[in-house]
Amino acid sequence: MSRWVILTPPETTVPGADGGPDLPGSVGGRGAHWDLACDAAPDIPGAEAVELSRIATAHVELTGRRIKRTLLLTVRPGTSPDTIVSFEADLMAMPRHIPAIRSWALSRATGRWTHAWEQEFADEDGLNGQYLLHPYHWTYVDRWFDTELPTAIVAPRLAHLYRTASGPVLTASRF
């Protein structure tokens with residue numbers, strides 16, 4: 001069984017999946033995204049199915065409604081394996097520095113993406129304030145993305161998607 005993130009137009013639903021419309025501020029998607037575990041991606045017109053293979057994950061207890069964030073990104077071809085390992089380590093270190101990150105998962109992805117960096121937050125301020133504005137984010141992680149820096153390895157095209165979820169997504173037994 002594989003884990004998938006399915007990007008769809010906002011009016012589309014994915015049977016058996018947890019998901020829904022992307023919140024304002026999301027970029028690079030198709031209007032909604034869904035988390036699904038199954039053997040093969042569903043054939044849905046206008047959808048993009050991204051298969052995930054987990055590198056690491058962690059769970060921090062959080063009850064009730066939350067914000068589920070998915071960042072799909074592409075590491076530039078030709079990036080050395082050692083550099084990719086350093087990049088992945090910087091991402092996985094974020095939860096130790098940024099308490100707003102609750103459950104999280106870093107995965108390798110298929111198709112036009114190489115990685116998926118997913119988190120759950122208690123609310124939008126946890127994502128858009130405490131996470132995105134945190135000094136660790138700006139000093140250790142953004143250097144991999146900023147095309148004006150020689151350390152940049154991530155292609156500029158991203159999918160930064162977030163939505164509400166009524167309960168755990170990354171730790172749900174079906175994922």
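**Close-up 1. D18 and its salt-bridge partner R163.** In this predicted model, D18 is buried, with a relative accessible area of 15%. Its side chain meets that of R163 in a salt bridge, 3.0 Å from N to O. The two come from distant parts of the chain: D18 is in strand β2 (residues 18–21) and R163 in strand β8 (residues 159–165), 145 residues apart. R163 counts as buried too, at 1% relative accessibility.

Close-up 2. Through shared partners, salt bridges join R3, D18, D35, K68, E118 and R163 into one network. The whole structure holds 11 salt bridges.

**Close-up 3. E48 with R30.** The closest N and O atoms of this salt bridge are 3.7 Å apart. E48 belongs to strand β4 (residues 48–58), while R30 lies in the loop between β2 and β3 (32–38), so the pair ties together parts 18 residues apart in sequence. E48 is buried at 11% relative accessibility, whereas R30 is partly exposed at 35%.

**Close-up 4. The largest nonpolar core.** This core has 26 residues, and the ones touching the most other members are F87, M94, W117, Y131 and F145. At least two residues each come from β5 (66–73), α1 (81–97), β6 (104–109), β7 (115–121), α2 (124–131) and α3 (135–141). Helix α1 gives the largest share, five residues. Zoom in on M94 and, leaving aside residues up to four places away in sequence, you'll find it touching I101, W117, Y131, Y136, H137 and V141. A second, separate core of 10 residues includes V5, L7, A109 and A116.

Close-up 5. The structure holds five aromatic pairs. One of them is Y136 with Y140, a stacked pair at 4.7 Å centre to centre and 20° between the planes. They are four residues apart in helix α3, which puts about one helical turn between them. Y136 is buried, with a relative accessible area of 7%, but Y140 is partly exposed at 42%. Elsewhere, ring pairs link F87, W144 and F145 into a cluster. Then there's W113: the charged end of R157 sits over its ring, 5.3 Å from the ring's centre.

Note on methods: Residues numbered from 1 in each chain as written. Predicted model: local features only at pLDDT ≥ 70, side-chain atom pairs only at ≥ 80, totals over all residues. Heavy atoms only, no water. Core = buried A, V, L, I, M, F, W, Y, C linked by side-chain atoms within 4.5 Å. Buried < 20%, exposed > 50% of the residue type's maximum accessible area, 1.4 Å probe, protein only. Contact = heavy atoms within 4.5 Å. Phe/Tyr/Trp six-rings, centres within 6.5 Å; stacked < 30°, edge-to-face > 60°. Lys NZ or Arg CZ within 6 Å of the ring centre and 35° of its normal. Salt bridge = Lys/Arg side-chain N within 4 Å of Asp/Glu carboxyl O.
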